[in-house]
Each structure stands twice: as structure tokens, then as C-alpha cells.
Amino acid sequence: MDFQHVKEQDKQYIMNTYGRFDACIVKGKGAVCTDSNGKEYVDFTSGIGVNSLGFGDESWVKAVTEQAGNLAHISNLYYTLPDVELAKTLCEKTGYSRVFFGNSGAEANEGAIKVARKYSFDKYGPGRNGIITLLNSFHGRTVTTLAATGQEVFHNYFYPFTEGFSYSIANDFDDFLKAVGKTTCAVMMEFIQGEGGVNALDKDYVKKVVSYCNEHDILVIGDEVQTGIGRTGKLLCGEHFGVQPDITTLAKGLGGGLPIGAVLVNDKLKDVLGASTHGTTFGGNPVVCAGANAVLKKVANDPFLKEVELKGEKIRACLACCPEVKSLSGLGLMVGIELKTKKSADVAKACLEKGLLVLTAKTKVRLLPPLTITDEELTRGLNVLWEVLS
Ligand SMILES: *Cc1c(COP(=O)(O)O)cnc(C)c1O
């Protein structure tokens with residue numbers, strides 16, 4: 001099928017919910033992928049933070065294909081090996097006590113919201129169910145996670161939303177104190193707002209909110225769907241802020257390319273969701289978990305995480321000298337680039353033409369390269385970016 005035909009068929013048969021770039025990607029290796037015309041691109045997107053090990057990582061492919069050959073699915077009515085191994089590793093490496101597996105970031109956040117509300121219901125009875133999220137946040141596309149998402153633009157069309165959400169200004173502790181009340185059961189935040197523009201929260205603000213919540217038995221939910229599993233140079237981004245939320249949600253980078261979501265809870269919450277209070281058919285799928293185990297084997301150790309940090313520094317040092325760059329944000333291999341004159345969407349389009357995939361986040365260019373990107377691939381991609389920004 002030639003590219004023009006693919007585009008027509010896509011438009012005809014798939015709901016037109018995505019603005020796609022003008023390329024059909026057919027394969028990849030490492031941090032380089034190839035389109036249907038044979039043109040190569042350096043990938044600074046990881047499929048939006050998903051392909052943490054890049055394309056076609058040998059250990060990941062082996063784990064996934066072997067598991068697919070042995071047992072692709074059986075349902076949560078039976079015990080399986082890969083999900084137990086994954087849950088144990090996640091708990092041991094993060095300090096959390098238990099895990100629930102789902103299939104996406106939104107679903108992980110839904111699970112976290114259910115844990116928070118049930119914890120409060122069990123302990124305080126009905127009515128204490130309010131959840132505070134931050135303005136400019138992004139927590140997913142389901143009706144409830146849209147309600148959690150503190151951006152008015154997402155709140156068209158789909159009313160009525162799940163009740164009980166209110167929004168507070170990020171980095172404004174006084175505003176948080178105004179929002180919080182007797183009926184608040186949880187606060188949910190991204191330590192670095194990804195879709196919102198790669199904006200890291202202030203450390204001091206995060207610490208104040210977390211300690212206030214701890215004092216008042218209000219649960220803290222860290223949405224690490226984008227920042228988790230090594231993206232920022234720590235296994236969890238919360239480490240940079242010196243906090244461990246009661247609940248952390250994971251998704252994108254955990255699976256290394258297959259759909260997964262995870263809700264991690266601390267000791268206090270480990271028994272909140274008992275038999276038949278929550279579930280999902282595909283959650284903990286053996287193939288997906290085998291892939292995630294391969295990801296953690298590579299990523300969840302200090303030397304690898306140090307490398308991520310160094311690669312992030314290399315990108316930042318390179319871009320800091322670029323006259324078009326106004327400022328840089330984010331941590332590790334999660335980079336936001338504020339521009340002086342150019343539009344982020346135009347930059348992304350120009351990069352594509354010259355063989356580089358980048359993301360945008362509002363007015364910023366956003367980079368989420370694979371954590372395993374090599375020095376050579378980084379240099380090749382940065383050269384294109386420099387050319388486009390000059
Ligand atoms: C992507 C993202 C989500 C939603 O994840 P999906 O897998 O698309 O449902 C939620 N929270 C954050 C911080 C994200 O970046």
C-alpha cells in the first residue's frame with residue numbers, strides 16, 4: 001500500500017481523533033525508525049514516553065515473544081508468573097507494598113481514585129470524597145480522569161463529569177489551603193506536568209502539600225504515568241522531590257511498548273481494595289508483564305539511571321547554547337524547550353522533514369527520547385534540532 005492510500009484508508013475507517021504527522025512508520029531499531037518510503041528518523045519521542053528501551057530491544061523482544069508462545073492470556077481467575085515477578089520487583093525497588101495492574105495511564109489513575117475514595121469511606125464514612133488536582137494538569141481521557149484534569153479545554157462536550165473534583169493553582173500553597181477542606185480525601189499531582197508543558201513543581205510546594213496531607217490523613221496520589229520508571233533519571237520522579245506519595249500511578253514507560261498501567265500503594269492502603277471491589281480483564285496480562293520485567297531489569301539500577309541523567313545533561317548543555325532557545329525545563333530525559341520566536345508545532349513539522357521525531361507540549365517542544373539512546377543517536381538528533389532552530 002503506498003503512503004497516500006494508507007492516509008486515505010486511515011481517514012475513512014479510523015475515527016479522526018488524532019492529528020497525525022505526515023509519515024507512516026513501519027519499523028525501528030534502537031532510537032531510529034523508518035517510514036513506508038524508507039526514510040529514517042531519529043526518535044526523540046519514545047512513542048510518547050513508552051518505548052523506554054527504544055525499538056526492538058533484544059531482551060524485551062525475547063521476553064515478550066517467548067511469553068506469547070507459552071501463554072499470552074488466561075485471565076485474573078488464575079495465578080500467573082510474569083505479573084507476580086513484576087509486582088515483587090516494583091515493590092522492592094520503590095518501597096511500595098502492593099500493586100494493581102491495568103492497561104493504561106487513565107485506568108491507573110481511575111484505580112488510584114477508587115483506592116483513595118474507598119480508604120476514606122471505610123475510615124470516615126460517606127461524604128469525604130473530594131479530590132484536589134492542579135490547574136494545567138493532565139490525568140487521562142476517561143470521564144473521571146477528564147474531571148481530574150485541570151484544564152478547561154478538555155471539559156467541553158462530555159458533561160456531566162464525575163463529581164468531587166476541584167482544582168488548585170500549582171505551586172501556590174495558599175491556594176491549596178483554600179481548596180482543601182473537611183471533605184477532601186486526596187490530592188493528585190504530576191511532579192512534572194507533561195502534557196501541560198513540561199513544568200516541574202517547586203520542591204518546597206510539594207513538600208508543604210505532602211506534609212499537610214500526611215497530618216490530615218489526606219492521601220497523596222503521584223501521577224507518574226509520564227515521569228515514572230527512569231524517565232527523569234530516578235526510578236520515580238518523586239525521589240527528586242524527597243517525597244513518597246501514598247499512591248503512585250505508572251503506565252507509559254513501564255511496558256516498554258505494550259499497554260500497561262499500575263497503581264502502587266503503601267502499607268496503609270494495601271488492603272483497601274479487597275475481593276471484587278476492582279478488576280480488569282487484561283490487567284497483569286502475561287505478555288505485557290514479561291515486557292515490563294525486561295524493562296525493569298535494564299532500568300531499575302543506579303548505573304543506568306545515572307546514564308539517563310547524563311544524557312539529559314548532554315541535551316540541555318547542547319540546547320542551552322542555541323539562540324532560539326529561551327529556556328529549558330523538565331528533568332533527565334524529559335525535556336521542555338521554550339522557544340523565542342518559532343512555534344512548537346512548526347518546529348516539530350520541520351524536524352520530521354529533516355528526519356527527527358519530536359513532541360510538543362503547548363508552546364514548548366518536548367523531548368522524550370528512549371532511555372537507552374546512544375551517544376551517536378543523540379548527537380544525530382540534536383544536529384537536526386539545531387539546524388531547525390537556527
Ligand atoms: C499520558 C498520561 C496519562 C494518560 O495515560 P493513557 O495511557 O493515555 O490513558 C495520565 N497522566 C499523565 C501524567 C500522562 O502523561
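In this predicted model, the ligand is surrounded by Ser104, Gly105, Ala106, Asn109, Phe138, His139, Gly140, Glu190, Asp223, Val225, Gln226 and Lys252. By class, this shell has six polar, three nonpolar and three charged residues. Helix H5, residues 105-124, gives the largest share, with three residues.

A polar backbone atom of glycine 105 lies 2.8 Å from an oxygen atom of the ligand. For glutamine 226, the side chain takes part: one of its N or O atoms is 2.7 Å from a ligand oxygen. Lysine 252 places a polar side-chain atom 2.6 Å from an oxygen atom of the ligand. On its own, the ligand has 380 Å² of accessible area, and the protein covers 82% of that.

Now turn to the sheet. Seven strands form it, in the order S4-S12-S11-S10-S7-S5-S6. The sheet is open and its pairing is mixed. Strands S4 (98-102) and S6 (165-168) stand at the edges; each has a single partner strand, so one side of each is left without a neighbour in the sheet. On average, neighbouring strands are turned by 20° against each other, direction ignored.

H5 lies across S4, S5, S6, S7, S10, S11 and S12, and runs at about 165° to S11. Helix H8, residues 203-215, lies across S5, S7 and S10. Its run is at about 155° to S7.

Technical notes: Residues are numbered from 1 along each chain as its sequence is written. This is a predicted model: local features need pLDDT of at least 70, side-chain atom pairs count only at pLDDT 80 or more; totals for chains, interfaces and linings use all residues. Side-chain values use heavy atoms; hydrogens and water are left out. A residue is near a molecule or strand if one of its heavy atoms lies within 4 Å of it. A polar contact is a pair of N or O atoms within 3.5 Å; within protein, one must be able to donate a hydrogen and the other to accept it, and residues adjacent in sequence count only if both atoms are side-chain atoms. Accessible areas come from the Shrake-Rupley method with a 1.4 Å probe; for residues, only the protein chains shown count as cover. Helices (H or I, at least four residues) and strands (E, at least two) are DSSP runs, numbered from the N terminus. Ala, Val, Leu, Ile, Met, Phe, Trp, Tyr, Cys and Pro count as nonpolar, Asp, Glu, Lys and Arg as charged, and the others, Gly among them, as polar. Two strands pair if DSSP finds at least two bridges between them. Axes are lines fitted to C-alpha atoms, for helices over the stretch in contact, and angles run from 0 to 180 degrees between N-to-C directions. Contact means heavy atoms within 4.5 Å.
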